[in-house]
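Take a look at the model below.

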Amino acid sequence: MSSSPRVTLGVATYERDTYLAEAVGSCLAQDFDDLEVLVVVDGSRNPRIDEVLDGFGDPRLRVVRHPENRGIAEAYNTIVREGRGELLAMLGDDDVALPDRISRSVAVFDRHPDTGVVHGDATIIDEHGTERGRWRSADLAPGALVQHLWRVHNPLIDPTRMVHRRVYEAVGGYDPAYRLSQDFHFWLRAAERFRFRHVPGEPLIRLRRHGDNLSDESARDREVDEVERALLEALDRSDLRDLVPELDWEVIDPAAGERRALEVLADALDARALPLPRLAARLRRRAESRPAPRRPAPNGRRIVMTSYGFNDSGGGTAVPRIVAKELVRRGWDVTVFHAAVRPDGTGEPYAVREWEEDGVHLVGVHNRPHVFLDPGRPDRELDDPPITQAFGELLDRVRPDVVHFHNLHNLGAALLEAPAARGIPAYFSPHNHWLICPRNYLLRPDAGLCDGPGDGAACAACVDAHHLEDAYRERLDGIRRRFARGIDACLAMSHAIRAALVNQGYDAEAIDLVPQSLPSIDATWEAVGRDRAPGRGDGPLTVGFFGSVSGLKGPQLLVEAAQRTRRELRVVLHGDVAPAVADQLRALDRRGVVTLAGRFGARELPRLLAGVDVAVAPSLVWETQGLSVLECLAARVPV
């Protein structure tokens, strides 16, 4: 064994000898050679401990003894202090490490040098070694992991961990004041600064559950107390913008933002897997102590906007939401009429509910028979009478100076004519291809790009509604007619959308090109640098996809492109991804060059963008040369 092994695998034990031989034996049976096994005997008076350890006679085994019992946190600190490895792993004295536990964990560090902590899954066994189930953890990006620790539970299986020594050097070791949640306290500090990665595939260990576990249910009150203390400590050193990134901080009053952020955290703590009602109440009291937000001076102008959803993901929702709040800040009276994504709980069809958020008056249409797409009823996309009536009544009540439509899927094209009938100017911002495509993205069911709807009849086959060819012809033509009669100007955000509309008969003179950006994105590019030279010139090309990782956004094209190009490259997909979609993308990745990095926050973007050569937004087509992502990479076009 090297005097400076790559890995130290530590086991802390006190009085229990029942499973110790199996635990230590599994550590010595690893298929990774550059390893030492360090056992810390924490003040034991049980002679069987020494008998078990003396029986191995393996030079890779070292034993450190505390003269008195110091507790699990100090035993862990001794492993960190006395261990000689660059990478430090630990195992419970009643658990079993599977033979490839260390080699698979080290492989993650080797593949991703920025990794601070590696962890994995476990098979649950009982006191007899009988399998009782599987405990799965998840691969979460830094911001998402912090969110999970706060709002859901601790997703990390502590005995599977392997930690790079630089993490302990940066954030310190384990606090002996935490007898049950020393790991949770450490994870909170480490997750704020380092990347955690999950070892894919089979479990790393066999985790034993029995009545003598330190974290047994009988200690729940102590656990609640310690988790609350750890989170309160984290709150005092954290920026609320990092803990509650979903608020539109750039366009809302700072005091209102702090108040709402504390309320969001309090609600999450109440609903957590391990509820923390005392800490939730404390955060609500802190929220109440914040000063009331300042109301901007009204400028006398009124606007009604439309959108699909409001506090929901997607650029077609985020852009109108940010615009609405910015207009409020500038003194406008803003109303957003939207297709509410979630039911209101009453079950009442087309229930219209009104409320206010950050000064924006919201009018949501709930419990519609169509949630996102409505392929069987193209007539409803032209006119859904309950929605059309509610919108007209709103215009008559608000009497806005202007109407700005942001998409109309789930609302209906009949809304386009309502402002014109009342002499109100109206503008339209298409965030997708709804005007010409019932699937919104010119994307066929097989994920290929559509060449266009033609006269609309082909759309019926595309959505598996062959008997509705005439209805889809009318959908295409009816939307175009209503648009021509009701819209003063279309504000297309890209050349691609503008060209698609013009090719389908929309008046080119009525379509302006208005590129869009959000304040957080502008701040990101200022931090990263707008004028970076593309590519590094050497090493693998790193391509980062940023956005919702769903089939509608085209990540599968990027993954397939990575398989076809001969160039050495990495593809990192940043964004929310459903488990089924993740499995599909992993199956497509035959070269093993794709990483699913998970959710990210706007404040993480500068760091994430700095680590890629090419940043790809959730779009199916690159405007450059009119080539798809697939064609661009497969042909090795310089980017």
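**Cysteines and backbone angles**

The sulfur of C462 lies 6.1 Å from the closest cysteine sulfur, in C450, which is too far for a bond. A disulfide is a pair of cysteine sulfur atoms within 2.5 Å. The structure holds zero disulfides. C450, too, is in no disulfide, as the nearest cysteine sulfur, in C462, is 6.1 Å away.

This is a predicted model: local features need pLDDT of at least 70, side-chain atom pairs count only at pLDDT 80 or more, and totals for chains, interfaces and linings use all residues. Residues are numbered from 1 along each chain as its sequence is written, and side-chain values use heavy atoms, with hydrogens and water left out.

How open are these cysteines? C450 is partly exposed, with a relative accessible area of 27%. C462 is also partly exposed, at 22%. Buried means under 20% relative accessible area, exposed means over 50%, and partly exposed is in between (1.4 Å probe, protein chains only).

Now turn to the backbone. Most residues other than glycine have a negative phi. Y350 is not a glycine, yet its phi is positive, near 55°. Find Y350 in the loop between strand 13 (333-339) and strand 14 (351-357). Strands (E, at least two residues) and helices (H or I, at least four) are DSSP runs, numbered from the N terminus. Is Y350 buried or exposed? Y350 is buried, with a relative accessible area of 18%.

N367 is another case. N367 has a positive phi of about 55°, although it is not a glycine. Its place is the loop between strand 15 (360-366) and helix 13 (378-382). N367 is buried, with a relative accessible area of 17%.
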